Structures are given as C-alpha cells and as structure tokens.
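The sequence and structure come before the notes.

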Amino acid sequence: MKAAIIMGSKSDYPVVEKAEDILKEFGVDYELRVLSAHRTPRQAEEFARTAEDRGVEVIIAAAGKAAHLAGVIAGNTPVPVIGIPMKTSDLGGMDSLLSVVQMPKGIPVATVAIGGAENAALLAVQILSVKYPELRTAFKAYKDKMEADILAIDAEMNA
Ligand code: RP5
C-alpha cells in the first residue's frame with residue numbers, strides 16, 4: 001500500500017508532519033514531496049502524471065494562500081486527492097480553504113479542515129482500507145481506542 005504527501009512549501013511541514021506520523025502509525029508506505037503548483041509547476045505536474053505508475057494509491061496535498069496544488073494534482077491523475085488547506089497569516093486560512101474546496105465539477109478534491117493534517121491521513125487510511133483489510137481492522141481499533149480514552153476521561157471527571 002502506498003500514499004504520497006505533497007506540500008507547497010517546506011513551511012507547511014510542521015503541520016504536514018502530523019499526517020506523516022499517522023501514516024507511519026498505520027504502517028502505510030509513503031512518498032514525501034515539496035513541490036508547488038506555482039513555483040515548480042512542471043515538476044508538480046510530472047509528480048501527478050506519474051503517481052499511478054509509481055504505485056501511489058492516494059495523495060494528500062497541502063498548500064496555503066491561493067492554494068492550487070491539490071486541484072492541479074487532481075487534474076493530472078486518476079488517484080484520489082485529499083487537500084489540506086493551510087492556515088495563513090493574512091486571511092487565517094480562509095483563502096486556502098476556498099481555493100482547495102471549491103473545485104469545479106469533474107475534478108474532486110476531498111478537503112479537510114484548515115490545518116486538518118490528522119484527518120487527511122485518517123481519510124487516506126480509510127480510502128486504502130477498501131483494498132487492504134488489515135487497514136480496516138487497524139482503523140476500527142483506532143476508533144475503539146479513541147472511544148475508550150474519552151470514556152475514561154468522562155468517568156474521571158464525573159467521579
Ligand atoms: C503556498 O504558499 C505554500 O503551500 C505555503 O502554505 C504558502 C507560503 O509558502 P512560503 O512563502 O512559506 O514558502 O504555496
């Protein structure tokens with residue numbers, strides 16, 4: 001099983017790293033790239049056009065501001081793309097959110113919350129789990145643990 005994470009700038013990495021950690025936790029192999037739809041458009045397109053042949057089965061794309069990366073990637077590959085809109089200093093990430101989520105029909109990008117790197121990786125795991133039953137099992141265990149952790153906190157607070 002193989003995923004790819006691509007970000008528009010190294011400045012995105014502190015957030016993107018949270019997605020990377022989750023893919024590692026689930027044992028998903030991944031590529032990690034820094035390519036920009038604007039600053040390195042040819043390389044970003046090449047990355048997308050060749051992703052399927054490299055065995056990539058889902059792509060997480062993080063970008064901020066006029067965040068066209070996820071959409072450009074999605075336009076150049078049949079592989080499903082999950083977009084992470086990055087928080088920005090000027091507009092708080094609303095700029096990124098609208099750029100990532102408002103895709104024209106025919107080219108979907110599954111957009112998570114502003115800075116939602118963890119959910120992007122969890123969604124990638126869920127997409128892969130359609131093909132890999134061990135990931136479905138691991139994802140169920142992840143949810144069960146989350147439930148148990150919260151119930152333990154609830155019991156402690158209510159004691
Ligand atoms: C986007 O512009 C990047 O994804 C990043 O979120 C934002 C700012 O990039 P830097 O100026 O920090 O390189 O392309």
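How many salt bridges does the count come to? The count comes to five salt bridges, where a salt bridge is a side-chain nitrogen of Lys or Arg within 4 Å of a carboxyl oxygen of Asp or Glu. This is a predicted model, in which local features need pLDDT of at least 70 and side-chain atom pairs count only at pLDDT 80 or more, while totals for chains, interfaces and linings use all residues. Residues are numbered from 1 along each chain as its sequence is written, and side-chain values use heavy atoms, with hydrogens and water left out.

**Sheet**

- Five strands make an open sheet with parallel pairing, in the order β2-β1-β3-β4-β5. The edge strands, each pairing on one side only, are β2 (29–34) and β5 (110–111).
- Strands here are DSSP runs of E with at least two residues, and helices are runs of H or I with at least four residues, numbered from the N terminus. Two strands pair if DSSP finds at least two bridges between them.
- Six bridges join β1 and β2 in the parallel sense. Ala3 has Tyr30 in β2 as its bridge partner.
- On the pairing of strand β1 (residues 2–7) with strand β3 (residues 58–63), there are five bridges, again in the parallel sense. Ala4 stands opposite Ile59 in β3.
- β3 and β4 also run parallel and are joined by five bridges. Ile60 has Ile82 as its bridge partner in β4.

**Burial of the strands**

- Strand β1 is mostly covered, with six of its six residues buried. Buried means under 20% relative accessible area, exposed means over 50%, and partly exposed lies in between (1.4 Å probe, protein chains only).
- From β1, Lys2, Ala4 and Ile6 point one way, and Ala3, Ile5 and Met7 point the other way; all are buried.
- Strand β4 (residues 81–85) is mostly covered too, with five of its five residues buried.
- Val81, Gly83 and Pro85 point one way from β4, Ile82 and Ile84 point the other way, and all are buried.

- Side chains of opposite charge can pair when their charged atoms come close.
- Glu31 and Arg54 meet through their side chains in a salt bridge at 2.7 Å, N to O. This pair links distant parts of the chain, 23 residues apart: Glu31 is in strand β2 and Arg54 is in the loop between α2 (41–51) and β3.
- Glu31 counts as buried because its relative accessibility is 12%, whereas Arg54 counts as partly exposed at 28% relative accessibility.
- A network of salt bridges links Lys2, Glu31 and Arg54.
- Glu45 and Arg49 also form a salt bridge between their side chains, at 2.7 Å, N to O. Glu45 and Arg49 are separated by about one helical turn because they are four residues apart in helix α2.
- Glu45 is partly exposed, with a relative accessible area of 33%. Arg49 is exposed, with a relative accessible area of 51%.
- Glu57 and Lys131 form a salt bridge whose closest N and O atoms are 2.7 Å apart. The two residues are 74 residues apart and link distant parts of the chain, with Glu57 in the loop between α2 and β3 and Lys131 in the loop between α5 (117–129) and α6 (133–157).
- Lys131 counts as exposed because its relative accessibility is 57%.

**Surface patches**

- Patches are made of residues with over 30% relative accessible area and no salt bridge; like charges are joined within 9 Å, and nonpolar side chains (Val, Leu, Ile, Met, Phe, Trp, Tyr) within 5 Å. Accessible areas come from the Shrake-Rupley method with a 1.4 Å probe, and for residues only the protein chains shown count as cover.
- Glu17, Asp21, Glu25 and Glu118 form a negative patch. Asp and Glu count as negative and Lys and Arg as positive, with His and the chain ends not counted; each charge is placed at NZ of Lys, CZ of Arg, CG of Asp or CD of Glu.
- Helix α1 (residues 13–25) gives the most to the negative patch, with three residues. Glu25 lies in helix α1 and counts as exposed, because its relative accessibility is 56%.
- Leu91, Met94, Leu98 and Val101 make a nonpolar surface patch of about 370 Å². Val101 lies in helix α4 and counts as partly exposed at 38% relative accessibility.

**Asp90**

- Asp90 is in the loop between β4 and α4 (94–101). The residue is exposed, with a relative accessible area of 64%.
- Between Asp90 and Leu23 there are 67 residues in sequence and 30 Å in space, C-alpha to C-alpha.
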